[in-house]
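Subject: Structure for your files

Hello,

Here is the structure I said I would pass on.

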Amino acid sequence: MQTKRISSFISRTAASSMVLLAMAVGTHAQTARKPVVEEADTVALFRGVAVSADIVGLAQLAFSDYGQYEAAARLNLRDKIFPVVEIGIGKANAENVTTYTTYKTSAPYARVGADFNIMKNKHDDYRVYAGVRYALTYFKYDAYTKGLNDPVWGGSADYSMDGVKCNCHWLEGAVGVDAKICGPIRLGWSVRYRRRLMHDDGEYGNTWYVPGYGKQGSTRLGGTFNVIFEI
């Protein structure tokens with residue numbers, strides 16, 4: 001009789017242990033399968049606006065025969081997306097001392113697009129951007145050539161082109177960085193790659209300079225160095 005009681009006790013204990021073990025294994029499996037939920041970014045959608053001016057175009061105007069005045073306005077959406085509008089006035093007043101040809105133009109241009117902060121920590125004071133722009137300009141130019149040879153009648157004559165209407169549309173890919181310096185002041189630079197989409201060089205062919213785009217036939221690469229005021 002005593003042996004039967006002991007055997008029954010052992011059986012009930014073993015059964016209870018098996019049930020508890022099964023429950024523990026099931027609970028562990030459910031915990032292991034539970035997905036890890038990342039903490040939501042609670043930063044407000046609108047984080048501010050920034051205005052900036054480009055220094056590179058001013059340096060070009062000061063030290064060469066073409067360049068631009070350029071300013072930009074940029075929105076900050078959660079420190080991740082930065083819609084931007086860039087406007088400027090491109091100017092050229094060049095003379096080729098070999099061919100005695102002059103070229104003059106002064107016209108506005110505009111770009112619109114967005115930058116994307118690719119830093120892992122989006123809310124850091126330092127930002128790294130990748131972005132894209134759509135740009136366009138409608139402009140006129142004046143050109144004057146002294147002593148152009150006449151292939152039909154011979155001899156030479158001066159030749160002028162006044163108010164030649166042109167336009168150009170292009171895309172720009174951009175990479176850049178900027179950093180907080182003090183208070184609302186930031187400094188940043190970008191490298192641009194340009195590709196023309198549509199253009200009209202007027203009735204006389206290839207234009208020497210396109211406002212906002214640069215010299216025709218030169219490298220497609222460009223750049224900016226910006227002083228930024230962000231609020």
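Predicted model: local features only at pLDDT ≥ 70, side-chain atom pairs only at ≥ 80, totals over all residues.

Aromatic pairs

A pair of aromatic rings is described by the distance of the centres and the angle of the planes. The count here comes to 6 aromatic pairs. One of them joins Y66 and Y209: the ring centres are 5.4 Å apart and the planes stand at 45°, so this pair is tilted. Y66 belongs to strand β2, while Y209 belongs to strand β8 (residues 209–210), so the pair ties together parts that lie 143 residues apart in sequence. Y209 has 0% relative accessibility and therefore counts as buried, the cut-off being under 20%.

Another pair is F82 with Y129. Their ring centres are 5.3 Å apart with the planes at 90°, so the arrangement is edge-to-face. F82 comes from strand β3 (residues 81–96) and Y129 from strand β5 (residues 126–149), so parts 47 residues apart in sequence are tied together by this pair. F82 and Y129 are both buried.

There is also an aromatic cluster, made up of Y66, Y103, Y141, W208 and Y209. The tilted pair of Y66 and Y209 described above has both of its members in this cluster.

Q68

Q68 is found in strand β2, which covers residues 66–77. Its relative accessibility is 12%, so Q68 counts as buried. The Q68 side chain makes a polar contact with the side chain of Q60, at 3.1 Å. Not counting residues up to four places away in sequence, Q68 touches D54, G57, L58, Q60, L61, I89, G90, Y109 and Y209.

E172

Strand β6 (residues 156–182) contains E172. With a relative accessibility of 1%, E172 counts as buried. Its side chain makes a polar contact with that of R192, at 2.8 Å. Leaving aside neighbours within four places in sequence, the residues in contact with E172 are R111, G131, V132, R133, R192, Y193, R194 and G212.

Regards

Terms used. Residues numbered from 1 in each chain as written. Heavy atoms only, no water. Helix = DSSP H or I, 4+ residues; strand = E, 2+ residues; numbered from the N terminus. Buried < 20%, exposed > 50% of the residue type's maximum accessible area, 1.4 Å probe, protein only. Polar contact = N/O pair within 3.5 Å; in protein donor to acceptor, adjacent residues only side chain to side chain. Contact = heavy atoms within 4.5 Å. Phe/Tyr/Trp six-rings, centres within 6.5 Å; stacked < 30°, edge-to-face > 60°.
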